[in-house]
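I opened my notebook for a first look at this structure.

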Amino acid sequence: MTKRVTVPEILAAKGERKLTELTAYDYPTALLADKSGIDMLLVGDSLAMVVLGHEDTLSVGMTEMLHHTLAVSRGASRAMVIGDMPFMSYQASVEQAVLNAGRFMKEARANAVKLEGGARIVPQIRAMVEAGIPVQGHIGLTPQSAAQFGGFKVQGKTAEAAKVLIEDAQALAEAGCFSIVLEAIPSSIAEMVTEAVAVPTIGIGAGPACDGQVLVVHDVLGLFDRFVPRFVKRYAKLDDLVVEALTKYRDEVVQGIFPGPEHCFMISEEEAKKLGKS
Ligand code: KIV
């Protein structure tokens, strides 16, 4: 049986090797990402945008997140599966936060949860860690707070904002997070944050100094082009391949080429004769 990536392994990786994290939302993607040796699979609330077609991440709830996390858990046997806590599943109270985090572990078989925010969500993180739930933090551009930021904007661009980011990261590490996602912040500030905490930082639009990187799988594979942030690198352009394959299928059906004899079930000549068919 494959050994799953653990929290102690992630912690020990800091300064030793770069960590890899990727989003996944379903069973086949989890199987493929696991084969690729990705360390952590995040069932991100980006599900709302790249899979369910919403404008932002706010509309997705616990039901959808648990449903997709369970599918990923079934596909991943090596990668650590991290369930992303959706908007309003942890902000309102510590009790609700712990109960919802517990649902990710119990019902969706996640190995950890992720939540967005700095010092202001430390009470929730402490309570989860006390309950035995591993937590990944997430600061910088936290999409659930995009309305507060005035949109999807790079964070930490002033000295004052950078100091707050460093303090937030330290508060999250102190509260027990085993890693912290840094999203859309200048590379030099991400480097300062990374040096300021003992736990690994995982960057997305935060430059090369982070202890690891995370990207949305649809961006990596070129399957989502509604908008492509500067920090995305496309390693394939599957959308063109998919359209090409689907168009060929459609054409072959219309032209009577598909299905061919090799795709069909036959009866014996003897049975055909009984039916008056030669
Ligand atoms: O939901 C998500 O995909 C995320 C990553 C961008 C870190 O939070």
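Entry one, burial. I call a residue buried when its relative accessible area is under 20%. I keep in mind that this is a predicted model. I looked up cysteine 177 and found 2% relative accessibility, so cysteine 177 counts as buried. I then turned to cysteine 210, which has 0% relative accessibility and therefore counts as buried.

How many disulfides does a search of the whole structure find? I got zero. A disulfide is a covalent bond between the sulfur atoms of two cysteines. For a pair to count, the sulfur atoms must lie within 2.5 Å.

I listed the residues around the ligand: Thr23, Leu42, Gly44, Asp45, Ser46, Asp84, Lys114, His138, Val181, Glu183, Ile204 and Val216. I sorted this shell by type and got four nonpolar, four polar and four charged residues. Next I checked polar side-chain atoms against oxygen atoms of the ligand. Serine 46 has one at 2.5 Å from a ligand oxygen. For lysine 114 I noted 3.1 Å, and for aspartate 84 I noted 3.2 Å. How much of the ligand's exposed area does the protein bury? Taken alone, the ligand exposes 260 Å², and the protein buries 95% of that.

Methods. Residues are numbered from 1 along each chain as its sequence is written. This is a predicted model: local features need pLDDT of at least 70, side-chain atom pairs count only at pLDDT 80 or more; totals for chains, interfaces and linings use all residues. Side-chain values use heavy atoms; hydrogens and water are left out. A residue is near a molecule or strand if one of its heavy atoms lies within 4 Å of it. A polar contact is a pair of N or O atoms within 3.5 Å; within protein, one must be able to donate a hydrogen and the other to accept it, and residues adjacent in sequence count only if both atoms are side-chain atoms. Accessible areas come from the Shrake-Rupley method with a 1.4 Å probe; for residues, only the protein chains shown count as cover. Ala, Val, Leu, Ile, Met, Phe, Trp, Tyr, Cys and Pro count as nonpolar, Asp, Glu, Lys and Arg as charged, and the others, Gly among them, as polar. Buried means under 20% relative accessible area, exposed over 50%, partly exposed in between (1.4 Å probe, protein chains only).
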